[in-house]
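Dear colleague,

Here is the structure I promised to hand over, with my notes on the ligand site and on a few backbone details below it. Please read the notes with the structure open.

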Amino acid sequence: MRIEGKEYRTIWFENNVVKIIDQTKLPHRFIIKELKTVNDAINAIKVMEVRGAPLIGGTAAYGLALAAQENSNSEFIKKSAEELIKSRPTAINLKWAVDRMIKKLSGINSDQILDVALNEAKEICDEDEKFCENIGINGLKIIEEIYSKKKDTVNILTHCNAGWLATINWGTATSPIYHANKKGIPVHVWVDETRPRNQGANLTSYELNEEEIPNTIIADNTGGILMQRGEVDLCIVGTDRTLSNGDVCNKIGTYLKALAAHDNSVPFYVALPSSTIDWDIKDAKDIPIEERSSEELSHVEGVDENNEIKKILIYPSKSKAMNLAFDVTPAKYVTGLITEKGISKASTESLKKLFNK
Ligand code: MRU
């Protein structure tokens, strides 16, 4: 998608390095960063220069290609794979991508391993782009249906950033919105700020602005009253891990939005590529929920009047804070799962049927 009118993907390989957009600097600085080693890739995932489930997967895949470039020894690749999987716990795409790479690389001669790794990493990214585009085509039908009844702007609420910056391109939750916009359907997006890291405000609103899609940032607590007032036609969110029973793990606060949507009969959809489905874990309690530094709560970052990036403390310095990054929305609150293959009910039966499992 576009930044200042120029088309980008979030990750690509060029001149023996992996290039990423450093998302910790957005929206105030647009910086393309080079990852030269597998440790650079691990660090980029840990400090969230890249984030969002599908992009973490794509970065891990390219991380293993960087490992192969450094040292084609199978022990080094294996160790790198383990470190990559540990770099962030909740998004299943990370393990999915690493497992796929390791499977592809097993038995390959050391003189060919780099080429095979680079091809597979590109394949994983190209596939994600295609799947996200298909999610958009499938999700567009939902927006079209609302528009055909309402005949006025469709108001969509989203949480966190499940936009193109979280994927390789298109995004998951935003892809139906981009497709609706391209078709000329008037859409307006309520963007949850998404404390504490503000991915909604800093990333979703930023990317929608760049694509000239009307959007309004709201505090995370505002969605409920907007739904009561009839100002939300539809919620679409992303996910970091969806169980085969349809339980959806996503950015903290998603569950509360789903409860409010349920109480107000607002459709609540989750958009995801199949790489985000965890077919193994059966109970949501077994999903590893990332707990991040409390400094993300106690400090905020922004630009001052001289356009300098500054970080300031906003809490009493003696206060304790707790920062769980994800929650789980039970399947019963999910209207449907928008996937690359079509829209599924949030149930084992429906998902298994769609994916021939
Ligand atoms: O902590 P983040 O910024 O990586 O969290 C991202 C989200 O929660 C997204 O909603 C999710 O990864 C889906 S991205 C298409």
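A polar side-chain atom of Asp 240 is placed 2.8 Å from an oxygen atom of the ligand, a polar contact being a pair of N or O atoms within 3.5 Å (within protein, one must be able to donate a hydrogen and the other to accept it, and residues adjacent in sequence count only if both atoms are side-chain atoms). Please bear in mind that this is a predicted model, in which local features need pLDDT of at least 70 and side-chain atom pairs count only at pLDDT 80 or more, while totals for chains, interfaces and linings use all residues. Residues are numbered from 1 along each chain as its sequence is written, and side-chain values use heavy atoms, with hydrogens and water left out.

Arg 88 also brings a polar side-chain atom to 2.8 Å from a ligand oxygen, whereas at Gly 52 a polar backbone atom lies 2.9 Å from an oxygen atom of the ligand. The protein covers 100% of the 410 Å² of accessible area that the ligand has on its own (Shrake-Rupley method, 1.4 Å probe).

There are 18 residues around the ligand, counted when a heavy atom lies within 4 Å of it, and Ala 53, Arg 88, Asp 240, Asn 250 and Lys 251 come nearest. By class, this shell has 7 nonpolar, 7 polar and 4 charged residues, with Gly counted among the polar ones. Both domain 1 (2-127) and domain 2 (138-354) give at least three residues to the shell, the bounds coming from an automatic or database domain assignment.

As for the backbone, most residues other than glycine have a negative phi, and most peptide bonds are trans. The peptide bond from Leu 26 to Pro 27 is cis, with omega near 5°, and another cis bond, with omega about 5°, joins Arg 195 and Pro 196. Met 48, although not a glycine, has a positive phi of about 70°.
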